[in-house]
Amino acid sequence: MALYLLFESASGYALFHAYGIDEIGQSVDAVRSSVLDLKRFSKAVKLAGFTPFSSAIDALNQCNAISEGIMTDELRNFLELNLPKVKEGKKAKFSVGVMEPKVGSHITEATGIPCQSNEYVQELLRAVRLHFDQFIDQLKPSDLEKAQLGLGHSYSRAKVKFNVNRVDNMVIQAIFLLDTLDKDVNSFSMRVREWYGWHFPELVKIVNDNYLYAKLAKFVTNKSDLSEKDIPALADLIGDEDKAKEIVEAAKASMGQDLSPVDLINVQQFAQRVMNLSEYRKNLYEYLVTKMNDIAPNLTSLIGEMVGARLISHAGSLSNLSKCPASTLQILGAEKALFRALKTRGNTPKYGLIFHSSFIGRASTKNKGRMARYLANKCSIASRIDCYSDVSSSIFGEKLREQVEERLDFYDKGVAPRKNLDVMKAAIEGMTNTASEEGKENGGTSAKKSKKKKSRAEADGDAMDLDKPANTSAAEAEPETEKKKKKKKHKLEEPQDQEMAATGDDETPKKKKKKSRDASADDEPKTATEGKKKKKKSKMAGDD
């Protein structure tokens, strides 16, 4: 059986005929060593056909199709043109060797051409790739390298393309930065407390919040300058007038030491930095909330923005999280405890990052493990919906959250929860209702536009009709006369129907008349034929 080799290069499709090689008795190692020599290989393989790609875009489309295991129309035409034709009802006396098995299976399904992809064929195709520039005279090695480089860049660029609004990498970076900001703000605020505490130590006991303490340190600066005039301003900062009075009284009897103006300026600048960092942390949290609602709305509505973002960052991406089973998702973040338990043959952890969810905290100690397992199951469902669905909506996440709430009530009070099938049906109905409402809104806007157009057309028509009043009166009179005629006909038809109903027996003679007419019509051609026969007989007699 003849063997043809299909080679997909960066410049076009090539078909080689391997006529001087016997597969029987050939080992892969022997083929690998023999194909390196160009003289031996060129004697066994010759070029049967080559078709270049029309453009770089065409090359990229063909490359994408080959990577997905699809045979394009160009490839089909090339194979049908260069391969020997097979008669109908007979098997082909050749086979085509391909590098990708998926492409080979698709070729056999579509065209019936037998394909094979084994180690022997792959070694031959590697040799074809090695000596490809030697088989085509007009193709230079530099041109082939340029085509490979350009196609490689465009192919990788096309693979990297994604939806800008659903970039989970931004969520990963934001949650990492949020964690570092929390640590930095806490350490810096403690430094402000310690630094300003030398000057005003009583303020630490009065104000516990770090952000408010930094604000007051910037506002007060020197405690000796505080007076009762500053109470309204302090009340606006703190939001409590009693605390403002307490601060003023504490400043009067403070035990802290005095600081130089330069030291107070440095403390004030550092407090401003802490305030800026805390404000930036708030803005970053709002950004994270919006991104999580865009990327994973169902996971966010089920477990919250922070826990959902931590799960995505720990898994590496939303697609990786969706591929994790529920048992893996349950202990994400507790890997050390898991391997320690496996090593010491102790109890494995029941939860990892899911522990920060409010559902685990609300569950009793006896049911925490059950709740973690159930919540991990619902989180895996929500992450898969967010990753693979085209329409982004939080309906499924809200329904899954309701299921978790019902399971909590079941563990605490014994109330039976709804079935999963019913909940999913309700979620799908909610999706269809929202889609129909959106369609109605779009239809309403288009209807409004059409109404406006009609009103404009009518206004134009009225303006045109003002010039021709006689024609309009005639046109208005015509439909009225037509309606009157229809009414008269209807009135005339009603008594006729009544008469037909009353004289229903009179229909039989009419039918008989019709039958007699049909019979007479049938008899007429018979008489005509008989007359013709008589004429023919008379002629025959005259001849005799």
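Predicted model: local features only at pLDDT ≥ 70, side-chain atom pairs only at ≥ 80, totals over all residues.
Local features need pLDDT of at least 70, side-chain atom pairs count only at pLDDT 80 or more, and totals for chains, interfaces and linings use all residues. Residues are numbered from 1 along each chain as its sequence is written, and side-chain values use heavy atoms, without hydrogens or water.

Five strands form an open, mixed sheet in the order 3-2-1-4-5. Strand 3 (45–52) and strand 5 (115–116) are the edges, each pairing on one side only. Strands are DSSP runs of E with at least two residues, helices are runs of H or I with at least four, and both are numbered from the N terminus. Pairing requires at least two DSSP bridges between two strands. Strand 1 (residues 2–8) runs parallel to strand 4 (residues 94–97) over four bridges. Within this sheet, Tyr 4 stands opposite Val 96 of strand 4.

Most residues other than glycine have a negative phi. Thr 221 has a positive phi of about 55 degrees. Thr 221 lies in the loop between helix 11 (210–220) and helix 12 (231–238). Thr 221 is buried, at 18% relative accessible area. Buried means under 20%, exposed over 50%, and partly exposed in between (1.4 Å probe, protein chains only). Arg 345 also has a positive phi of about 55 degrees. Its loop joins helix 19 (335–344) and helix 20 (358–362). Arg 345 is exposed, at 80% relative accessibility.

Asp 242 belongs to helix 13 (residues 241–252). Asp 242 is exposed, with a relative accessible area of 55%.
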